[in-house]
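Hi,

Here is the structure I promised to pass on to you.

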Amino acid sequence: MDIKEYMQTVGRQARAASRRLTMATTAEKNAALMHIASAIRREKAALVAANQLDLDAARANGLEPAMLDRLTLSEKGVESMAEGVEQVAKLPDPVGEIRDIKFRPSGIQVGKMRAPLGVIGIIYEARPNVTADAAALCLKSGNAAILRGGSEAINSNRAIAALVQEGLQAAGLPAECVQVINTTDRAAVGELITMREFVDVIVPRGGKGLIARLLAEARVPMIQHLDGNCHVYIETDADPAKALKIVENAKTQRYGTCNTAESLLIDRSIAAAQLPAIAAMLTGKGVELRGCAETCALVPNAVAASDEDYYTEFLAPIISVKVVGGFDEAVAHINQYSSHHSEAIVTQDHSKAMRFLREVDSSSVMINASTRFADGFEYGLGAEIGISTDKIHARGPVGLEGLTSEKWIVLGDGHVRA
């Protein structure tokens, strides 16, 4: 296969399909989504069988247990995929929404209309469910999608893509609205991220290695985040019970997610009273504490933290801990060491809470709540294409609205500029 020629063909087809999608009605898009969900349910056994081929190959290649877990598609997982597609169908369609229409002194009316981005390239690793999720979100938001899943999930992704294209055609839409790259050759990624004439934005969903490569090589704009180094800050006026509960959930509910807390800050004035109990809870759940000198003095089983530990997204039962000298030091620490993903403050002081919202420079900032809430479904978006820590266009969980932009519209009646 000539990879460049193949990817150019995929790109041309996606661009043509995106133009058809700009004319698609909400009813057409929803009909396609419901056909897709129905096809996924109908072919449940075939999807599980295709996934088993991927699992057998992955085990033979020594894929680590965490990746095997992400790769696995059970019958329950297939049903969840179908339900997710149906949920997207039920969400409001953002495309064509007009807002802020105002008359100008010249007599024209000026406003904004929400429009699709065009063609979205999505690069992801071992999660076959992303194929269905991404297809649904792109379709509902009026975008053509080029999906490049991980080589370890190639059989699963091909099987899901065939059902997606079946659903599109059943609703009278081009099958090329959603294309899965049908090769595991890494050169296909290099082509996808440089095809500015066909691709409007890239959404990478993967580890640091993938993101680092794309940051170095991509010529197409990206919606991405590199790390999820999230913080929980226990302020002087924190309720101890709330603090314990929030830290427990933020750190220990799941270790391998980007919204898991990786660093704990606590005010010096309450550290002696509250930190030992929090540390005992974490230790009881098998979490290693890496702390500053004050932390190690209060928690005998804590180990000394390096400066690098405070920058690290562990994705493991490890947490960095620092005793801080008050609100300003805590905010300064977060803004220096965080990856600008999600941060939480535990406090009963309203003014400090409001300052935290204003002064912490992250895509999600929370008061008295676990960082694990940083998720498109939890935010009411129905689903998400990913989480962005960028500041331009989309920030935080990216749902349907984040896959669109706004264009200015002008309404006149023969008006000319004086």
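Two strands count as paired if DSSP finds at least two bridges between them. Helices (H or I, at least four residues) and strands (E, at least two) are DSSP runs, numbered from the N terminus. This is a predicted model, where local features need pLDDT of at least 70, side-chain atom pairs count only at pLDDT 80 or more, and totals for chains, interfaces and linings use all residues. Residues are numbered from 1 along each chain as its sequence is written, and side-chain values use heavy atoms, with hydrogens and water left out.

**The three-stranded sheet**

Let's begin with the open sheet of 3 strands, ordered β1-β2-β16 with antiparallel pairing. Which strands stand at its edges? They are β1 and β16 (404-411), each with a single partner strand, so one side of each has no neighbour in the sheet. On average, neighbouring strands here are turned by 25° against each other, direction ignored. For that angle and those further down, axes are lines fitted to C-alpha atoms (for helices, over the stretch in contact), and angles run from 0 to 180 degrees between N-to-C directions.

Strand β1 (residues 98-103) runs antiparallel to strand β2 (residues 109-116), joined by 4 bridges. F103 has Q109 in β2 as its bridge partner, and I98 stands opposite M113 in β2. The two strands form a hairpin with 5 residues between them, and G107 in the turn has a positive phi of about 105°.

On its other pairing, β2 is joined to β16 by 8 bridges, again antiparallel. Q109 turns up here too, with L411 in β16 as its bridge partner, while P116 is bridged to T404 in β16.

**The seven-stranded sheet**

Next is an open sheet of 7 strands with parallel pairing, in the order β10-β9-β11-β8-β7-β12-β13. Its edges are β10 and β13 (364-367); each has a single partner strand, so one side of each is left without a neighbour in the sheet.

Strand β9 (residues 288-291) pairs with strand β11 (residues 318-324) in the parallel sense over 4 bridges, and E288 has I318 in β11 as its bridge partner. β9 is also joined by 2 bridges to strand β10 (residues 303-304), running parallel; there, G291 is bridged to A304 in β10. How does the chain get from β9 to β10, and what is the hand of that crossover? It goes through helix α12 (residues 293-298), and this β-α-β crossover is right-handed (with the strands pointing away from the viewer, the path from the first strand over the helix to the second runs clockwise).

Further along the sheet, 5 bridges join strand β7 (residues 230-234) to strand β8 (residues 261-267) in parallel, with S263 in β8 as the bridge partner of H231.

Two helices to look for on this sheet are α11 and α15. Helix α11 (residues 268-284) lies across β7, β8, β9 and β11, at about 150° to β8. Helix α15 (residues 350-359) lies across β7, β12 (342-346) and β13, at about 175° to β13. Contact throughout means heavy atoms within 4.5 Å.

**Helices around α6**

Helix α6 (residues 129-140) packs with helix α2 (residues 26-42) at an angle of about 165°, with their axes 9 Å apart. T26, K29, N30, A32, L33, I36 and I40 in α2 meet A132, A136, L139 and K140 in α6. By class, that contact has 7 nonpolar, 2 polar and 2 charged residues. Here Ala, Val, Leu, Ile, Met, Phe, Trp, Tyr, Cys and Pro count as nonpolar, Asp, Glu, Lys and Arg as charged, and the others, Gly among them, as polar.

The axes of α6 and helix α7 (residues 154-170) come within 9 Å and cross at roughly 30°, so α6 and α7 are roughly parallel. This crossing is right-handed as well. T131, A132, A135 and L139 in α6 meet N157, I160, A161, V164 and L168 in α7, a contact of 7 nonpolar, 2 polar and no charged residues.

Cheers

Notes
Parallel < 35°, antiparallel > 145°, perpendicular 65-115°, else oblique. Left-handed = near helix turned anticlockwise from the far one by under 90°.
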